[in-house]
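Me: I have just opened this one and would like a walk through it. Could you take it piece by piece?

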Amino acid sequence: MLASMRFKNYIWPHNPKRFEIGFERKISCMKLPFSGHVVQDLGSCARVFSGEGEFFGEDAYAQFRRLAEVFNEGGAGLLSHPLWPSVSAVFQKLSLLEEPGENYVRYSFRFVEYSDGGTAQSLSAAETGTQGGVYTVVEGDSIGKVARKIGISSDRLMRLNPEIKNPNLISAGQVLRTE
C-alpha cells in the first residue's frame, strides 16, 4: 500500500485519484527587422502539481473543510507524494467540483513548487543572493524568479530597475537593485 499524500500538517485519508506534475519552459521570441526572429530560452518555470480526489464516508465534508483550512493558512509547506520526492510548495488552488453528497465530496487541487524552501521574507541575504540592496543575476534567472527569491513582487522589482524594458530579457552577471 502506498503512503498517504501530505501537505504541511494535513494527511490525505486516501490519495487523490489523479495526480499530474507539469513542467514548463519560458521562451521569448523576438521579431527582428527584415530577418526573421530570435528565440531565447529563459529557463524552466516552477513545477505545478495538480490533480483530483474524492472524500467519502461520514466525514467526507469535514475532510474537505480541513483541507480548505490548510489552503487558507497560505505560505509554503512541504508537499509529499508517495511516488515523488517531497518538494516545498504553495497551495495555489482548491476547488469543489460538484455539490457534495451526504457522504461524498469531489475536489481538485493545484500546488506550485516554491524553490526557496520557505517564506521569502524569512530568508537571509546569503540565501536570497542579495547583498547591500542589490542582486546579481545568475543563469536561468528571470524577474519573477528573482522577485520570489528576495520576497518582493515582480512589479516592485521592475520599478526599482527602470532601465529594464523587457522583464524576460535579463542576463547572468547583471546587477539589480532590490531596495
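Me: Let's start with a side chain, then: which residue does E20 join through a polar contact, and at what distance?
Reply: In this predicted model, the side chain of E20 makes a polar contact of 3.1 Å with the side chain of R18.

Me: OK, and where does E20 lie, and what does E20 touch?
Reply: E20 lies in strand β3, and, leaving aside residues up to four places away in sequence, E20 touches V48, F49 and S50. Its C-alpha is also 5.7 Å from that of G51, although E20 and G51 are 31 residues apart in sequence.

Me: Is E20 buried, exposed or partly exposed?
Reply: E20 has a relative accessible area of 41%, so it counts as partly exposed.

Me: Zooming out, in what order do the strands of the sheet come?
Reply: Seven strands make up an open sheet, and their order is β2-β1-β7-β8-β9-β6-β3, with antiparallel pairing.

Me: How many bridges join β6 to β9?
Reply: Nine bridges join strand β6, residues 48–56, to strand β9, residues 104–113, and the two run antiparallel. Within this part of the sheet, S50 stands opposite R110 in β9.

Me: What about S108, buried or exposed?
Reply: S108, which lies in strand β9, has a relative accessible area of 16%, and because this is under the 20% cut-off, S108 is buried. Not counting residues up to four places away in sequence, S108 touches G51, E52, K93, L94, S95 and L97.

Me: Switching to helix α3, which of its residues are buried?
Reply: In helix α3, residues 143–150, the buried ones are I143, G144, V146, A147 and I150. Looking down the axis of α3, these buried residues fall within an arc of 165°, so they line one face of the helix. After α3 comes G151, which has a positive phi near 80°.

Me: Last topic, cysteines: how many disulfides are there?
Reply: The count comes to zero disulfides. As for accessibility, C29 counts as exposed at 53% relative accessibility, whereas C45, with a relative accessible area of 23%, is partly exposed.

Definitions and conventions: Residues are numbered from 1 along each chain as its sequence is written. This is a predicted model: local features need pLDDT of at least 70, side-chain atom pairs count only at pLDDT 80 or more; totals for chains, interfaces and linings use all residues. Side-chain values use heavy atoms; hydrogens and water are left out. Two strands pair if DSSP finds at least two bridges between them. Helices (H or I, at least four residues) and strands (E, at least two) are DSSP runs, numbered from the N terminus. Buried means under 20% relative accessible area, exposed over 50%, partly exposed in between (1.4 Å probe, protein chains only). The arc is that of the directions from the helix axis to the C-beta atoms. A disulfide is a pair of cysteine sulfur atoms within 2.5 Å. Contact means heavy atoms within 4.5 Å. A polar contact is a pair of N or O atoms within 3.5 Å; within protein, one must be able to donate a hydrogen and the other to accept it, and residues adjacent in sequence count only if both atoms are side-chain atoms.
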